[in-house]
Amino acid sequence: MTVVDRPSGIKGSPVGPDATDADLLFREAKRRERQRRLRWTGAAVIVIAGATTITVATRSTTKSPPPRPRVATARLPVLAVAGAIVVPEHPYAMAVGPGGTLFVVDSERDQVLRRTSTGQFQVVAGTGRRGFSGDGSQAVSAKINVDPDSGIAVAKNGTVYFADTSNARVREVLPDGIIRTVIGGGSRNPTDGVLRARQASLRGLSAVAGLAIGPDGNLYVAAGAVYRLETNGMLRWIVGRQERPTKDFAGIYANPAIQLDFMSSSRIAFDGKGDLLDAGGGGWGLYERTASGKLRFVENFRGDGFWGSLASGPDGTVALVSGGGLSVIHPSGALTDVPVVGLSEALGMGVDHPNAFIGGDGIAVGQNGVIYVDTNTGNTFTTVSAILSVSPNGTVGVVWKS
């Protein structure tokens with residue numbers, strides 16, 4: 001009788017003289033059969049698990065993608081499709097973004113531009129052909145319709161907001177270059193109360209104009225009245241409710257600072273105390289809505305046939321430009337004039353006109369208190385279009401000139 005060693009892994013196999021060849025061979029066959037079944041079972045488990053994973057993955061991809069989160073990194077917009085380098089034609093509203101980059105709205109080109117580190121101007125939004133298109137795609141391939149009223153603001157995360165005025169919308173350009181409508185395009189009256197910003201219709205109101213980032217980080221828009229775009233996508237009416245004038249309202253130049261005076265908001269900015277400054281109203285005035293909700297008239301504030309303009313600085317100052325030249329409201333509330341040195345040389349004029357900035361279409365405050373201001377052909381004192389920089393001591397430099 002042949003003795004066969006017990007294969008490892010066969011529990012209870014007889015060993016010794018009572019184990020026949022047939023017994024051992026039979027048990028060995030059963031062991032192999034069990035192993036084969038285990039292998040098939042394991043394979044089946046793997047296949048089923050893989051199929052489940054594929055099914056879950058397939059289901060997850062068929063669901064609507066979640067809203068794209070706002071980019072929270074403090075950096076400049078990096079366009080996925082680089083915009084062309086162009087020559088400005090009629091830059092108006094301006095804003096300074098993170099890192100000191102200057103952004104401008106060029107109404108003649110129907111584009112939003114930014115100044116590069118080499119001093120050139122690159123397209124941020126707009127093909128240069130007037131119209132409306134492009135939401136959800138690259139902003140440089142979108143059609144926009146801006147005009148001299150169109151404001152611009154840049155958030156700390158690099159998102160650029162601009163008033164697409166003739167399209168009755170406010171649109172944003174995200175740091176990845178995607179453009180979207182954030183206010184407007186709907187059918188509801190924004191004065192109905194709090195409503196979703198995309199459901200609001202801004203047509204039929206005063207022009208969609210000035211924009212500002214508030215101390216709360218929310219976007220504020222002047223579109224007749226002043227509205228706030230909140231982080232949950234709702235639009236809230238802040239100031240400018242239609243009210244009957246009081247009995248002592250003597251006329252449009254009385255500047256009483258009531259709700260009615262905020263129904264023609266043009267340019268807006270926040271000071272260091274969180275108070276909202278508004279250029280508008282029937283009396284060519286500068287008005288204020290304090291953080292506590294009080295309304296008051298600040299001063300007459302007229303440009304060349306239009307209101308002057310204003311912009312917040314990073315330190316809480318507010319720069320003003322009007323027919324009287326440049327001035328600054330300090331965080332303390334004090335108002336001081338900014339002397340202008342070398343303006344005639346910068347613009348190529350024979351006579352120095354301190355109020356050659358009359359018009360006040362565009363103004364922005366950069367780092368270290370530098371004020372950027374524009375002047376365009378057709379205003380009272382100049383025959384050239386230009387973007388100028390004015391240092392805190394009043395020295396004028398040329399950023400761009402036609």
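Colleague: Is E230 buried, partly exposed or exposed, and why?

Modeller: E230 counts as buried because its relative accessibility is 15%; buried means under 20% relative accessible area, exposed over 50%, and partly exposed in between, with a 1.4 Å probe and protein chains only. This is a predicted model, where local features need pLDDT of at least 70, side-chain atom pairs count only at pLDDT 80 or more, and totals for chains, interfaces and linings use all residues. Residues are numbered from 1 along each chain as its sequence is written, and side-chain values use heavy atoms, leaving out hydrogens and water.

Colleague: Which salt bridge do R236 and E230 form, N to O?

Modeller: Their side chains meet at 2.7 Å, N to O. A salt bridge here is a side-chain nitrogen of Lys or Arg within 4 Å of a carboxyl oxygen of Asp or Glu. R236 counts as partly exposed because its relative accessibility is 33%. E230 also meets R228 in a salt bridge, at 2.9 Å, and R228 is buried.

Colleague: How many salt bridges does the structure hold?

Modeller: Eight. One of them pairs R171 with D164 at 3.0 Å, and both of those residues are buried.

Colleague: Switching topic, how many residues has the largest nonpolar core?

Modeller: It has 22 residues, and those with the most contacts inside it include I183, V221 and Y227. A nonpolar core is a set of buried Ala, Val, Leu, Ile, Met, Phe, Trp, Tyr and Cys residues joined through side-chain atoms within 4.5 Å.

Colleague: And the second core?

Modeller: That one is separate, with 19 residues, among them V340 and L388.
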